[in-house]
Amino acid sequence: MNAPFSGMPHAEPFFFDAEPGTRFCLYHAPDPRVKPRGGILYIHPFAEELNKSRRTAALQARAFASVGYAVLQVDLFGCGDSCGDFSSARWDIWQSDLEVAFRWLHARVGGPMYLWGLRLGALMALDFACATPVEGIILWQPFVRGRTCINQFLRARLATELLVDGIPVNTTALRDDLYGHGFIEINGYELSAELARAIDARDAAAMVPRTPRVDWFATGTPDDG
């Protein structure tokens with residue numbers, strides 16, 4: 001029995017230049033035995049969710065490639081294997097990274113272009129598509145509001161503080177601390193107040209992406225807490 005994706009090209013790792021520094025990418029070429037169908041730019045989730053989802057994202061990228069799509073996975077600034085510290089990450093830098101990656105992929109494959117976003121990456125995809133027309137957007141378990149993403153991030157610190165110090169804190173108190181001090185460190189990730197505010201401001205209901213199609217895949221109820 002043939003192994004899954006046997007005969008397909010291996011994923012190609014590389015770095016592209018961006019301001020500031022470089023970004024790590026994986027390019028999955030489409031299976032040469034099938035008709036090319038365009039390109040898909042993958043946008044990863046936030047903080048530790050990036051690491052936890054790497055294998056699933058890679059397998060799905062290979063699945064897309066097996067039916068003719070060229071797929072580009074990029075680690076955004078301050079994330080994964082790209083340059084920069086997470087504390088220096090900013091929403092506008094991430095959007096600029098997506099623009100560079102999108103242009104690279106479009107020049108490589110031509111044809112229809114799609115965005116595929118997971119969790120916070122889904123909101124980034126919608127935001128990016130408000131300025132850049134795409135053929136379609138694929139949303140996996142998306143955050144409907146950025147504020148929900150930050151609340152979930154803060155809850156990791158909340159659980160630790162309640163357990164260790166017995167302090168009656170909540171996400172509102174932690175958010176005040178974040179905005180008051182300019183940053184907060186949780187599980188090795190130092191989140192800046194500037195990035196948190198930018199994420200807080202994102203709401204899928206207020207976005208009007210330039211695309212004829214949005215495919216939404218989620219289990220359970222939307223993340224709105």
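This is a guided tour of a predicted model, arranged as a series of selections.

Residues are numbered from 1 along each chain as its sequence is written, and side-chain values use heavy atoms, without hydrogens or water. Because the model is predicted, local features need pLDDT of at least 70 and side-chain atom pairs count only at pLDDT 80 or more, whereas totals for chains, interfaces and linings use all residues.

Select Glu19 and Pro20 to begin: the peptide bond that joins them is cis, with omega near -5°. Pro20 sits in the loop between strand S1 (12–17) and strand S2 (22–28). Helices (H or I, at least four residues) and strands (E, at least two) are DSSP runs, numbered from the N terminus.

Proceed to Ala47, in the loop between strand S3 (38–43) and helix H1 (48–52). Its phi is positive, near 55°, although Ala47 is not a glycine. Ala47 has a relative accessible area of 8% and is buried; buried means under 20% relative accessible area, exposed over 50%, and partly exposed in between (1.4 Å probe, protein chains only).

Select residues 91–109, which form helix H3. The expected span of a helix is 1.5 Å times one less than its number of residues. For the 19 residues of H3 this gives 27 Å, and the end C-alpha atoms are 27 Å apart, in agreement. Among the buried residues of H3 are Trp91, Trp94, Phe102 and Leu105. Gly110 follows H3 and has a positive phi, near 65°.

Next, select Met113 in strand S5 (residues 113–118). Is this residue, Met113, buried or exposed? Met113 is buried, at 5% relative accessible area. Leaving out residues up to four places away in sequence, Met113 touches Gly39, Phe102, Leu105, His106, Val134, Glu135 and Gly136, where contact means heavy atoms within 4.5 Å.

**The nonpolar cores**

A nonpolar core is a set of buried Ala, Val, Leu, Ile, Met, Phe, Trp, Tyr and Cys residues joined through side-chain atoms within 4.5 Å. The largest one has 59 residues, of which Leu41, Phe46, Trp94, Leu115, Leu120 and Leu191 touch the most other members. Helix H4 (residues 120–129) contributes the most to this core, with eight residues. Select Leu120 and display its surroundings: beyond neighbours within four places in sequence, Leu120 contacts Pro45, Phe46, Trp91, Trp94, Phe143, Cys149 and Ile199. Another core, of 12 residues, lies apart from the largest one and includes Phe64, Val71, Leu118 and Trp140.

**Helices H6 and H7**

Select helix H6 (residues 171–181) together with helix H7 (residues 193–200): their axes come within 8 Å and cross at roughly 130°. Axes are lines fitted to C-alpha atoms, for helices over the stretch in contact, and angles run from 0 to 180 degrees between N-to-C directions. H6 and H7 are therefore oblique to each other; angles under 35 degrees count as roughly parallel, over 145 as roughly antiparallel, 65 to 115 as roughly perpendicular and the rest as oblique. Arg175, Leu178 and Tyr179 of H6 meet Ala193, Ala196, Arg197 and Asp200 of H7.

Within H6, pick Tyr179, which is partly exposed at 26% relative accessibility. Tyr179 and Ala193 are 14 residues apart in sequence, with their C-alpha atoms 5.3 Å apart.

**Last selection**

Finish at Asn187, in the loop between strand S7 (183–186) and strand S8 (189–192). Asn187 has a positive phi of about 50° without being a glycine, and is exposed, with a relative accessible area of 61%.
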